[in-house]
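Let's take a walk through this protein together, one region at a time. Keep the 3D view open and turn it as you read.

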Amino acid sequence: MHLEIVTPDRRVTVGETEDVVVPGVEGEFEVLPGHAAFLSALGTGILSFKAKDAHAPMRLMVSGGFVEVDRDRVTIMCESAALSEEVKREDASKALYDAEQKLKHLGAVSVEDEGFQVLRAEVDRAAAKLTLIK
């Protein structure tokens, strides 16, 4: 199965994989070779896959976007992606703290409020990055 990850900044062609575990907005799901074609919204979390020649699964943080599956091709189109070696614990911890503090000071707003949604996404991305490097 061919995996490709695309962000606004870069295109990563992973190549052949045995499986892909995707953080969807409704929860995590696994894609195996020969899977039925579909398009789904991508959540924020850890994407993992096992390259055919690798000994261990690879993991990266992805956030926002879509995943397209077409039998033996998986394309992840996301707003951001980060490998563990690209994440600095101090930066991710600070980003998480800052976003949580801004949420606390936002006051009582609807979860549909645009400002709330932006801050919630910042919290989710920072938390996923910290999960990635644990």
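Helix α1 gives the most residues to the lining of the largest pocket, 5 of them. Keep in mind that you're looking at a predicted model. Rolling a probe the size of a water molecule over the atoms shows where empty space is left. Here, the largest pocket holds about 180 Å³ of space. Its lining is made of 13 residues, and the closest to the centre are Asp91, Ala92, Ala95, Ala126 and Lys129. Two elements, α1 (89-106) and α2 (114-132), each give two or more residues to that lining. What classes of residue make up the lining of the largest pocket? There are 7 charged residues and 6 nonpolar ones, with no polar residues.

Stay with α1 for a moment and find arginine 89, which is found in this helix. Arginine 89 has a relative accessible area of 41%, so it counts as partly exposed. If you skip the residues up to four places away in sequence, arginine 89 touches Leu130, Ile133 and Lys134.

Now move over to helix α2, where you'll find arginine 125. Arginine 125 is partly exposed, because its relative accessibility is 25%. Which residues is arginine 125 in contact with, leaving aside its neighbours within four places in sequence? They are Thr44, Met61, Ser63, Glu79 and Ser80. Take the threonine in that list: the C-alpha atoms of arginine 125 and threonine 44 are separated by 6.3 Å, although the two are 81 residues apart along the chain.

Next, let's look for nonpolar side chains. In soluble globular proteins, nonpolar side chains tend to be buried together. In this model, the largest nonpolar core has 18 residues, and the ones that touch the most other members are Ile5, Val20, Val22, Leu47, Val74 and Ile76. The elements that give two or more residues to this core are the strands β1 (2-6), β2 (11-24), β3 (27-31), β5 (45-51), β6 (58-71) and β7 (73-83). Apart from this core lies another one, of 16 residues, with Leu96, Ala99, Phe116 and Leu119 among them.

Not counting residues up to four places away in sequence, valine 22 touches Gly27, Glu28, Phe29, Leu42, Leu47, Val67 and Ile76.

Charges come next. Side chains of opposite charge can pair when their charged atoms come close. How many salt bridges does the count come to? The count is 4. One of them joins the side chains of glutamate 4 and arginine 11, at 2.5 Å from N to O. Are these two partners buried or exposed? Glutamate 4 has 12% relative accessibility, so it counts as buried, whereas arginine 11, at 58%, counts as exposed.

A further salt bridge pairs arginine 10 with glutamate 86, whose closest N and O atoms are 2.8 Å apart. Arginine 10 sits in the loop between β1 and β2, and glutamate 86 in the loop between β7 and α1, so this pair ties together parts that are 76 residues apart in sequence. Arginine 10 is partly exposed at 32% relative accessible area, and glutamate 86 is partly exposed at 40%.

Compare that with aspartate 124 and arginine 120, a salt bridge with its closest N and O atoms 2.9 Å apart. These two are 4 residues apart in helix α2, so about one helical turn separates them. Aspartate 124 is partly exposed, with a relative accessible area of 30%, and arginine 120 is partly exposed at 35%.

Two last stops. Threonine 7 lies in the loop between β1 and β2. Threonine 7 counts as buried because its relative accessible area is 12%, under the 20% cut-off. Apart from residues up to four places away in sequence, threonine 7 touches Cys78, Glu79, Ser80 and Ala81.

Finally, find arginine 71 in strand β6. Phi of arginine 71 is near 50°, a positive value in a residue other than glycine. With 57% relative accessibility, arginine 71 counts as exposed.

Terms used: Residues numbered from 1 in each chain as written. Predicted model: local features only at pLDDT ≥ 70, side-chain atom pairs only at ≥ 80, totals over all residues. Heavy atoms only, no water. 1 Å grid on protein atoms, 1.4 Å probe; cavity = no way out; pocket = protein on both sides within 12 Å on 5 of 7 lines; lining within 4 Å. Points joined across faces, edges and corners; volume = space filled by probe spheres on them. Nonpolar A, V, L, I, M, F, W, Y, C, P; charged D, E, K, R; others polar. Core = buried A, V, L, I, M, F, W, Y, C linked by side-chain atoms within 4.5 Å. Buried < 20%, exposed > 50% of the residue type's maximum accessible area, 1.4 Å probe, protein only. Contact = heavy atoms within 4.5 Å.
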